[in-house]
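Hello,

Here is the structure I promised to pass on to you. My notes on it follow below, so please have the model open while you read.

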Amino acid sequence: MKMSFDFTDLAPTTVSFRDDVIVGLTQQLKKTSPMHLYDERGSQFFEQICELEEYYVTRAEMEIFDAAALHISEALPSNCTIVEYGSGSDRKISQLLKLSKRIKGYVPIDISKTFLLKMSKKLWQNYPHLDIHAICANFLQLDTDHIAKIIDGYNPVVFFPGSSIGNLSADEITKLLMQTKKIIGGQGKMILGIDLQKTEEVLLQAYDDSKGVTALFNKNLIHRMNRELQTNIDANCFKHHAIYNENKNRIEMHLKALQDLHFWIGDYEITLQKNETIHTESSQKYNVDDFSRFLNTVGFKVESIFFDTKKYFVVLLLALKK
Ligand code: AVJ
């Protein structure tokens with residue numbers, strides 16, 4: 001890396017948001033991609049979720065990083081560059097930077113441009129010697145040659161915390177892991193956080209919190225449509241609806257219509273019947289043995305597994321199988 005700070009804008013456009021939403025809302029079972037929840041406003045709501053008592057995910061993972069600090073640091077290649085998928089705030093990378101002197105470069109990748117700029121500039125102020133190359137992009141569609149050029153000789157470590165992998169479909173996960181293999185190559189590592197199966201009660205509290213922050217996060221999708229797609233939908237006509245799908249071991253967030261609704265996105269008429277839902281996000285909850293076995297079948301070696309004290313969450317340290 002030649003400069004200490006730079007920024008590449010490959011931002012997904014409002015056009016792709018519009019097209020995705022039209023496709024998703026004209027189907028039998030209405031759904032939208034979870035990435036659309038993360039415009040600037042949505043990213044801010046998600047930060048508030050991370051502070052909630054009921055949302056155990058962030059705290060459990062940070063507890064793990066603290067407890068396993070030495071082990072993780074020693075497992076990182078010296079002079080490494082951390083490539084973070086869906087970086088969000090600087091909370092977790094700051095924690096990693098504090099616990100390891102081996103990190104020389106950082107490539108945060110996020111679709112929320114203003115949010116990414118703010119976080120990476122703040123980080124650069126705190127760590128002026130860190131080579132930062134921020135990329136505004138959908139981390140599912142990376143140009144791996146471009147990433148390789150940026151990393152330029154440093155040892156890559158892909159960082160995917162927070163169990164964001166749990167939002168992705170099986171196909172997307174496979175694609176993401178193949179992309180990761182290309183990025184990390186023989187010497188690189190991956191640090192992956194996954195959320196574990198637990199009681200429905202704990203899960204529902206985490207995804208339908210008492211302050212209603214998750215509801216605001218979910219309903220922001222309607223406000224985003226009003227802002228960007230010139231719709232004029234009353235967000236109060238929808239209710240935040242979080243359920244645990246036991247067969248699939250996942251939390252699902254939906255927006256449930258409180259009455260019959262119809263509106264237009266350009267020339268496309270969208271209708272919802274009362275109680276019909278838009279499925280906005282799934283958050284998969286894993287069994288660590290099953291997931292490790294799966295990782296093995298796609299070419300990864302699980303080098304270490306770190307749990308929090310409640311065994312709510314795990315951080316996996318991965319390398320490529322030889
Ligand atoms: C950022 C995808 C990990 O699934 O727990 C939080 C998003 N949705 N509350 C998750 C989310 C509702 C979060 N991830």
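Arg250 is found in strand S9 (residues 250-257); helices (H or I, at least four residues) and strands (E, at least two) are DSSP runs, numbered from the N terminus. Before going further, please note that this is a predicted model, in which local features need pLDDT of at least 70 and side-chain atom pairs count only at pLDDT 80 or more, while totals for chains, interfaces and linings use all residues. Residues are numbered from 1 along each chain as its sequence is written, and side-chain values use heavy atoms, with hydrogens and water left out.

Is Arg250 buried or exposed? Arg250 counts as buried because its relative accessible area is 18%, where buried means under 20% relative accessible area, exposed over 50%, and partly exposed in between (1.4 Å probe, protein chains only). Not counting residues up to four places away in sequence, Arg250 touches Ile243, Tyr244, Asn245, His279, Ser282, Ser283, Gln284 and Lys285; contact means heavy atoms within 4.5 Å. The side chains of Arg250 and Glu252 are joined by a polar contact of 3.0 Å. A polar contact is a pair of N or O atoms within 3.5 Å; within protein, one must be able to donate a hydrogen and the other to accept it, and residues adjacent in sequence count only if both atoms are side-chain atoms. From Arg250 to Tyr312 there are 62 residues in sequence and 14 Å in space, C-alpha to C-alpha.

**The ligand**

Which residues are closest to the ligand? They are Tyr55, Gly162, Tyr207, Glu281 and Ser283, out of 14 residues that surround the ligand, each with a heavy atom within 4 Å of it. The shell divides into 7 nonpolar, 6 polar and 1 charged. For that count, Ala, Val, Leu, Ile, Met, Phe, Trp, Tyr, Cys and Pro are nonpolar, Asp, Glu, Lys and Arg are charged, and the others, Gly among them, are polar. Helix H2 (40-51), helix H10 (213-228) and strand S12 (277-284) each supply at least two residues of this shell.

- Tyr55 has a side-chain N or O atom 2.5 Å from an oxygen atom of the ligand.
- Asn167 has a side-chain N or O atom 3.5 Å from an oxygen atom of the ligand.
- Glu281 places a polar side-chain atom 2.6 Å from a nitrogen atom of the ligand.

On its own the ligand has 350 Å² of accessible area, and the protein covers 97% of it (Shrake-Rupley method, 1.4 Å probe; for residues, only the protein chains shown count as cover).

Glu47 belongs to helix H2 and is buried, since its relative accessible area is 15%. Its side chain makes a polar contact of 2.9 Å with that of Arg91. Leaving aside neighbours within four places in sequence, Glu47 is in contact with Ser89, Arg91 and Phe115.

Val213 belongs to helix H10 and is buried as well, with a relative accessible area of 8%. Val213 touches Phe45, Gln48, Ile49 and Leu52, not counting residues up to four places away in sequence.

**The cores**

The largest nonpolar core has 68 residues, and those with the most contacts inside it are Leu96, Ile191, Met225 and Phe238. A nonpolar core here is a set of buried Ala, Val, Leu, Ile, Met, Phe, Trp, Tyr and Cys residues joined through side-chain atoms within 4.5 Å. Leu96 touches Phe65, Ile82, Ile103, Phe159 and Ile191, not counting residues up to four places away in sequence. A second, separate core of 35 residues includes Val158, Phe160, Leu192 and Leu320.

**Two backbone angles**

Most residues other than glycine have a negative phi. Ser163 has a positive phi, near 60°. Ser163 sits in the loop between strand S6 (155-160) and helix H8 (170-184) and is buried, with a relative accessible area of 5%. Lys311, also not a glycine, has a positive phi of about 55°, and its place is the loop between strand S13 (300-307) and strand S14 (313-320).

**One more buried residue**

Ser120 lies in helix H6 (residues 113-126). Ser120 counts as buried because its relative accessibility is 0%. Beyond its neighbours within four places in sequence, Ser120 is in contact with Phe5, Pro108, Ile132 and Ala134.

Best wishes
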